[in-house]
Amino acid sequence: MGSDTTIGISKDEIIKAIKVSLKTLTVKDNYLIIHDLSERCLAHRLALYLERRRLFKAYNIDCEYNKNRQVIKDVFSERCKKVKSSRIMLILQKEIERRQSVERRLYPDIIIHTRNTETSSSNKNNNLIVFEIKKDISDGDNKELFDWAKLVVYRHRLKYKYCFYIKINDKNGFDIFMLKDKDEDKLFYNIECLFKGEKTYKETLDDMFEIF
């Protein structure tokens, strides 16, 4: 396998594969959605459907891959020291502590990557896609902001080429948001502005994500 397996895969192809996989999920696994099964359950099913797409045949698709969870903790701690007045970062740190205390997860729902290449500078393009998935969550909820912040870390520190936030609702619908390729500080600043009420939810989405 070459060091840059993303060559030849376009953003449009990726979006199409994700939409088809999500549509399959909402049709074949409707029972799981309407009976309020967990996000982990839905993420597992979505990963199976993504794995069937020929587009990703050269990659590994993993759920809750926990190898890099320390990176998230370190970045949030770093930002709290850098921006001492940042209430949102302090809340995100508390969310980390809460998740650790109840053995919840600090790692992404799904990744499409090549295993054992995360720290090799020649293979960074093998970190292709990271997904965070939420089900029936209120716009701007702290859990949602936590997932957005995690995506920023995965984009800038672990060099994932595409970072997606997926919202699934109980009416067989889904929304796809792809993190824009913007400066890390600017992306975190948007999250902080939303938290402080200086930006609306829609303004923040438009600034941070492409919506499909």
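This is a predicted model: local features need pLDDT of at least 70, side-chain atom pairs count only at pLDDT 80 or more; totals for chains, interfaces and linings use all residues.
1. Overall make-up. The protein contains eight helices and six strands, and read from the N terminus these elements follow the order α-α-α-β-α-α-β-β-α-β-β-α-α-β. Of its 212 residues, 48% count as buried. Among the contacts between residues at least 6 apart in sequence, 72% join residues at least 24 apart.

2. Geometry of helices 7 and 8. A packed pair of helices is described by the angle between the two axes and by the distance between them. Helix 7, spanning residues 184-196, packs with helix 8, spanning residues 201-208, at an angle of about 175°, and the axes lie 9 Å apart. Because angles over 145 degrees count as roughly antiparallel, helix 7 is roughly antiparallel to helix 8.

3. Residues at that contact. Helix 7 contributes L187, N190, I191 and L194, while helix 8 contributes Y201, T204, D207 and M208. Sorted by class, the contact of helix 7 with helix 8 has five nonpolar residues, two polar residues and one charged residue.

4. The buried face of helix 8. Y201, T204, L205 and M208 are the buried residues of helix 8. Viewed down the axis of helix 8, these buried residues fall within an arc of 100°, and they therefore line one face of the helix.

5. Cysteines. The structure holds zero disulfides.

6. Positive phi at D36. The phi angle of D36 is near 60°, which is a positive value in a residue other than glycine. D36 is found in the loop between helix 2 (30-34) and helix 3 (39-51), and with a relative accessible area of 55% D36 is exposed.

7. Positive phi at K159. K159, likewise a residue other than glycine, has a positive phi near 60°. The place of K159 is in the loop between helix 6 and strand 4, and K159 is partly exposed, with a relative accessible area of 36%.

Terms used:
Residues are numbered from 1 along each chain as its sequence is written. Side-chain values use heavy atoms; hydrogens and water are left out. Axes are lines fitted to C-alpha atoms, for helices over the stretch in contact, and angles run from 0 to 180 degrees between N-to-C directions. Helices (H or I, at least four residues) and strands (E, at least two) are DSSP runs, numbered from the N terminus. Angles under 35 degrees count as roughly parallel, over 145 as roughly antiparallel, 65 to 115 as roughly perpendicular and the rest as oblique. Contact means heavy atoms within 4.5 Å. Ala, Val, Leu, Ile, Met, Phe, Trp, Tyr, Cys and Pro count as nonpolar, Asp, Glu, Lys and Arg as charged, and the others, Gly among them, as polar. Buried means under 20% relative accessible area, exposed over 50%, partly exposed in between (1.4 Å probe, protein chains only). The arc is that of the directions from the helix axis to the C-beta atoms. A disulfide is a pair of cysteine sulfur atoms within 2.5 Å.
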